[in-house]
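Load the model in a viewer and keep the selection panel open. The stops below go from one selection to the next.

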Amino acid sequence: MKPIKLALFASGNGTNVQQITEYFADKPEVTVDCVVYNVKDAYVAQRAEKLGIPAFYHNRHDFMETDVVADLMKEREIDWIVLAGFLLLVPANLLAMFPNRIINIHPALLPKYGGKGMYGHHVHEAVVANHEKESGITIHLVDQHYDRGTILFQAKCQLTEEDTVDTLAQKIHLLEKEFFPKVIEKTVMGR
């Protein structure tokens, strides 16, 4: 049986790319085929190289105005796209090509703290500023809106009065590391 091929889309450092790749390294039924990134000097490109994964840079125009990325997905016979810190809205041509087969992770408990501009430290700042008692991660399918697709999984962490943006970010990072690869596996394997 041929493995399920994942393309990981990223915009930044690539810690989730590394965790996902390492998780699937000894699982022959799912393979990380490539990384696609949209920020020219993003560290994820170097990380992909160290991991031995092909990485492809495409700017906003390539994603939004052309079929270059869709053609790459076709050419590489990709089965699922995973957004691993990818900050562009997924364009309509990819949504049509991968219906209910694009997975994202969000660093809050959606529907709270989602939407345009709500990513990374912006989310943590809002959560801390509002004195929330808990936060967490949401793993969801992607649709045409930021952070609105079907929720697959959520995990929570508690906040104390002492928590800062940085300590919350650390808690969220631990949840991502623990759950994101497992939920990807479960979802793409149809379990």
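Begin by selecting Y23 and K27: the charged end of K27 is placed over the Y23 ring, 4.7 Å from the ring centre. Bear in mind throughout that this is a predicted model.

Next, select helix 1, residues 15-24. Its buried residues are N16, V17, Q19, I20, T21 and F24. Show their surroundings: these buried residues pack against strand 1 (4-10), strand 2 (30-37) and strand 4 (80-83), and also against strand 5 (102-106), helix 2 (44-51) and helix 7 (165-188).

Now turn to the aromatic rings. How many aromatic pairs does the structure hold? There are six. Select F9 and F86, whose ring centres are 5.3 Å apart; the planes meet at 70°, so this pair is edge-to-face. F9 belongs to strand 1, while F86 is in the loop between strand 4 and helix 5 (92-97), so the pair ties together parts 77 residues apart in sequence. Are these two residues buried or exposed? F9 has 1% relative accessibility and counts as buried; F86, at 7%, is buried as well.

For another pair, select F153 and F179. Their rings are tilted, with 4.9 Å centre to centre and 40° between the planes. F153 has 23% relative accessibility, so it counts as partly exposed.

Terms used
Residues numbered from 1 in each chain as written. Predicted model: local features only at pLDDT ≥ 70, side-chain atom pairs only at ≥ 80, totals over all residues. Heavy atoms only, no water. Buried < 20%, exposed > 50% of the residue type's maximum accessible area, 1.4 Å probe, protein only. Helix = DSSP H or I, 4+ residues; strand = E, 2+ residues; numbered from the N terminus. Contact = heavy atoms within 4.5 Å. Phe/Tyr/Trp six-rings, centres within 6.5 Å; stacked < 30°, edge-to-face > 60°. Lys NZ or Arg CZ within 6 Å of the ring centre and 35° of its normal.
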